[in-house]
Amino acid sequence: MIEIEAIRHRVEAITILHELSLTLCEGRIGIIGANGSGKSTFARLLNGLILPSAGRVRVHGQDTRAAGDSVRALVGFVFQNPDHQIVYPIVEEDVGFGLRNAGLRGDALSCAVTDALERFGLTEKRNQPAHLLSGGEKQLLALAGILALDPRVVVLDEPTALLDLRNRRKISRILTDLPQQVVLVTHDLDMLDGFDRVLVFDSGRIVADDTPSRAIAHYISLMEA
Amino acid sequence: MLGIYRHGTSLLHSARPGVKLAGLALMAIALFMPASPAGIVAVSLGAAFTTVAGYGIARIPARLAIAQIRPTLWILGMILIFHVIMGDALIGALIVARFILLIALAALVTLTTRVSDMIATIEAGLKPLRRFVDPGRIAMCIVLTIRFVPVLANEAHALQEAQAARGGKRAGPGAFIRLAVPLILRGLRLSETVAEAIHARGFGRNGSHRDRDQT
């Protein structure tokens with residue numbers, strides 16, 4: 001569960017997010033809105049990558065300001081461009097990066113890496129340079145690196161923006177099957193099928209907080225206005 | 001990417017990174033220790049034999065071995081030309097030959113060693129200096145440098161294409177500046193995102209660095 005209490009966020013004189021309070025406890029939560037509406041900033045607040053200018057965010061009771069490391073262990077974050085998230089040059093080394101940071105070593109590390117690679121169909125690529133993977137494979141690798149840590153919440157910031165239809169569907173299927181709470185920032189409205197709740201952002205405010213069909217209708221009316 | 005680990009099961013692949021790094025350091029000292037041309041030639045022949053044997057043992061194809069040296073040829077060529085102009089063609093040739101051997105040997109180490117193993121060795125080697133430097137941070141700098149060479153190369157290629165598509169020239173000093181400025185800006189933006197990403201993936205969770213702003 002994520003509790004957001006009276007947060008506001010400003011960068012210099014610009015207000016990125018106006019005051020908002022809400023609790024996210026559903027399994028699948030979508031976030032949509034125009035470019036620059038504050039979606040990505042909101043997503044970054046959820047695992048403490050950004051701290052709010054005012055108010056607080058708590059994930060399973062842990063405050064992002066006071067317990068940033070604990071929050072980041074609970075919340076995995078997947079970026080739009082996997083190239084920015086893949087740290088090690090070889091596939092299996094990159095999957096192991098987060099696990100090593102979590103303190104795993106030796107056989108435990110090796111087993112966890114093997115499991116994650118198998119789960120995402122990357123076993124045959126384990127010794128390949130990451131930069132030679134296709135865009136879809138890179139995003140799978142980024143996901144594998146995050147999910148290997150078994151976080152309780154996964155926040156994804158437009159993970160399919162650079163992918164073709166086949167890979168979008170693949171990522172969508174993976175997200176559907178995840179046992180974790182998922183918070184998905186996206187422009188791909190099809191991915192919100194089956195979601196429990198969708199928030200619509202506009203100019204730093206949540207202007208709709210509803211079921212996917214109603215929230216999407218609201219978003220479309222905003223875009224067409 | 002040049003020098004990136006190439007999976008294999010050879011003796012060199014399974015050798016400890018520390019042993020390979022120490023061997024490389026010894027070869028570097030041996031190559032540049034002799035002062036007389038005869039001594040240099042003798043050591044260079046020995047190093048050449050070691051290099052060829054090393055690539056053979058590691059089963060690394062010749063084209064890949066040559067690819068390790070190719071990017072440095074222009075600077076080595078400049079060194080040689082400088083010496084020829086100064087009337088020291090033999091000395092220039094010997095210097096260039098030793099650099100080629102050293103680069104090939106260094107590439108052999110990186111081609112047969114996983115970055116994570118190399119980093120673990122460097123971190124362990126830096127532990128006695130923990131009071132003065134953060135081994136985890138230095139290791140991360142090395143990893144990111146290796147990892148983001150191909151990413152920045154792709155960015156440069158995309159910029160070149162974008163400029164060419166709009167009538168820009170691909171060669172000449174003007175083209176270099178037109179490429180360098182946006183590439184530096186993209187690199188700076190990339191560094192911010194990467195800092196966020198490694199932070200999000202738990203770098204420093206066990207105290208290997210102090211805060212994200214310093215990453």
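Here are some questions and answers on the sheets, helices and chain contact of this predicted model.

Q: Which residue is the bridge partner of A:Arg58 in strand 5 of chain A?
A: Start with the pairing: strand 4 (residues 54–59) of chain A runs antiparallel to strand 5 of chain A, over two bridges. Look across from A:Arg58 into strand 5 of chain A and you land on A:Asp63.

Q: Is strand 9 of chain A largely enclosed or largely open?
A: Strand 9 covers residues 197–202 of chain A. Five of its six residues are buried, so strand 9 of chain A counts as largely enclosed.

Q: Which residue in strand 10 of chain A is the bridge partner of A:Leu199?
A: Strand 9 of chain A pairs with strand 3 (residues 28–33) of chain A in the parallel sense over five bridges, and there A:Leu199 stands opposite A:Ile31. Strand 9 of chain A also pairs with strand 10 (residues 205–210) of chain A, in the antiparallel sense, over five bridges. On the strand 10 side, the partner of A:Leu199 is A:Asp209.

Q: Which residue in the turn between strand 9 and strand 10 of chain A has a positive phi?
A: Those two strands make a hairpin, with two residues between them. The phi in question is about 50°, and it belongs to A:Ser203.

Q: Which element gives the largest share of the side of chain A that touches chain B?
A: The contact takes 25 residues from chain A and 26 residues from chain B. On the chain A side, the elements giving two or more residues are helix 2 (68–74) and helix 3 (91–101). That side divides into 11 nonpolar, 10 polar and four charged residues. The largest share, five residues, comes from helix 3 of chain A.

Q: How are helix 2 and helix 7 of chain B oriented to each other?
A: The axes of helix 2 (residues 17–32) and helix 7 (residues 115–126) of chain B come within 9 Å and cross at roughly 75°. Angles of 65 to 115 degrees fall in one class, so helix 2 and helix 7 of chain B are roughly perpendicular.

Q: Which residues of helix 7 of chain B meet helix 2 of chain B?
A: By class, this contact has three nonpolar, two polar and one charged residues. Helix 2 of chain B brings B:Pro17, B:Gly18 and B:Leu21. From helix 7 of chain B come B:Asp117, B:Met118 and B:Thr121.

Key: Residues are numbered from 1 along each chain as its sequence is written. Chains are lettered from A and ligands numbered from 1 in the order in which they are written. This is a predicted model: local features need pLDDT of at least 70, side-chain atom pairs count only at pLDDT 80 or more; totals for chains, interfaces and linings use all residues. Two strands pair if DSSP finds at least two bridges between them. Helices (H or I, at least four residues) and strands (E, at least two) are DSSP runs, numbered from the N terminus. Two residues are in contact if their C-beta atoms, placed from the backbone, lie within 7 Å. Ala, Val, Leu, Ile, Met, Phe, Trp, Tyr, Cys and Pro count as nonpolar, Asp, Glu, Lys and Arg as charged, and the others, Gly among them, as polar. Axes are lines fitted to C-alpha atoms, for helices over the stretch in contact, and angles run from 0 to 180 degrees between N-to-C directions. Angles under 35 degrees count as roughly parallel, over 145 as roughly antiparallel, 65 to 115 as roughly perpendicular and the rest as oblique. A residue is buried if 20 or more other C-beta atoms lie within 10 Å of its own, exposed if 12 or fewer, and partly exposed in between; C-beta atoms are placed from the backbone.
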